[in-house]
Amino acid sequence: MYEIAVIGAGPAGASAALFAAKAGKKTLLIDNDKGMTRRGWFENFYGISEVGGPELVSEQAINLTSSGNGFVIETEDGIIYEAKHVILATGALTDLAVKAGVEIKDGTEPRIKTVVAVDAEGKTNIAGIWAAGTVAGVSVHAIITAGDGAKVAINVISELNGARYVDHDVLKA
């Protein structure tokens with residue numbers, strides 16, 4: 001079982017997965033390679049020189065259900081993954097959230113009709129399901145959604161650890 005599964009590898013999901021993996025959490029990143037940022041042109045965007053990455057799966061997540069002490073994620077190819085916590089970072093798409101019973105609300109960004117209802121930490125109405133980035137009502141700008149993904153990952157890591165997690169790198173002397 002994964003500690004954290006992130007669905008969507010755009011800026012929010014990739015950021016969340018990198019923070020989770022860097023914190024030593026067993027992390028799964030599922031992406032269908034169809035997100036809106038795949039069409040984007042990025043210049044002067046932050047980069048990363050070193051990090052141990054999450055396990056990346058190129059699949060379409062089609063179902064998300066509660067199971068015992070976590071969640072079951074089913075893919076289009078019938079593969080099943082289990083995770084204690086799930087971060088939805090599905091961009092403009094709320095279909096998977098709706099199937100899982102997650103509350104949605106009207107979006108405020110242009111062309112974003114609905115978003116997942118979250119609190120300030122990124123929690124949804126279902127304990128263990130979180131949302132980050134555009135699907136959580138955050139601006140569609142890549143740098144902003146990336147920051148939101150990091151914020152939500154830090155909150156999930158903190159909950160798993162039972163204490164506030166702080167991610168700082170220290171310069172080598």
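This is a predicted model: local features need pLDDT of at least 70, side-chain atom pairs count only at pLDDT 80 or more; totals for chains, interfaces and linings use all residues.

Q: How many helices and strands does the protein have?
A: Helices (H or I, at least four residues) and strands (E, at least two) are DSSP runs, numbered from the N terminus. Here there are three helices and nine strands, in the order β-α-β-β-β-β-β-α-β-β-β-α.

Q: Is strand β2 mostly covered or uncovered?
A: Mostly covered: five of the five residues in β2 (residues 27–31) are buried. In a regular strand, side chains alternate between the two faces of the sheet. In β2, Thr-27, Leu-29 and Asp-31 point one way, Leu-28 and Ile-30 point the other way, and all are buried.

Q: Which strands does β2 join?
A: Two strands pair if DSSP finds at least two bridges between them. Strand β1 (residues 2–7) runs parallel to β2, with four bridges, and Ala-5 has Leu-28 as its bridge partner. Four bridges also join β2 to β3 (residues 55–58), again in parallel, and there Asp-31 stands opposite Ser-58.

Q: What do β1, α1 and β2 make together?
A: A right-handed β-α-β unit. Right-handed means that, with the strands pointing away from you, the path from the first strand over the helix to the second runs clockwise.

Q: Which residues of α1 and α3 meet?
A: Contact means heavy atoms within 4.5 Å. On the α1 side, Pro-11, Ala-12, Ser-15, Ala-16, Phe-19 and Ala-20 take part, and their partners in α3 include Ala-142, Gly-149 and Ile-157. The residues of this contact divide into eleven nonpolar, three polar and no charged. Nonpolar covers Ala, Val, Leu, Ile, Met, Phe, Trp, Tyr, Cys and Pro, charged covers Asp, Glu, Lys and Arg, and the others, Gly among them, are polar.

Q: Why does Asn-155 count as buried?
A: Because its relative accessibility is 8%. Asn-155 lies in helix α3 and, leaving aside neighbours within four places in sequence, is in contact with Glu-121, Trp-130 and Arg-164.

Note on methods
Residues are numbered from 1 along each chain as its sequence is written. Side-chain values use heavy atoms; hydrogens and water are left out. Buried means under 20% relative accessible area, exposed over 50%, partly exposed in between (1.4 Å probe, protein chains only).
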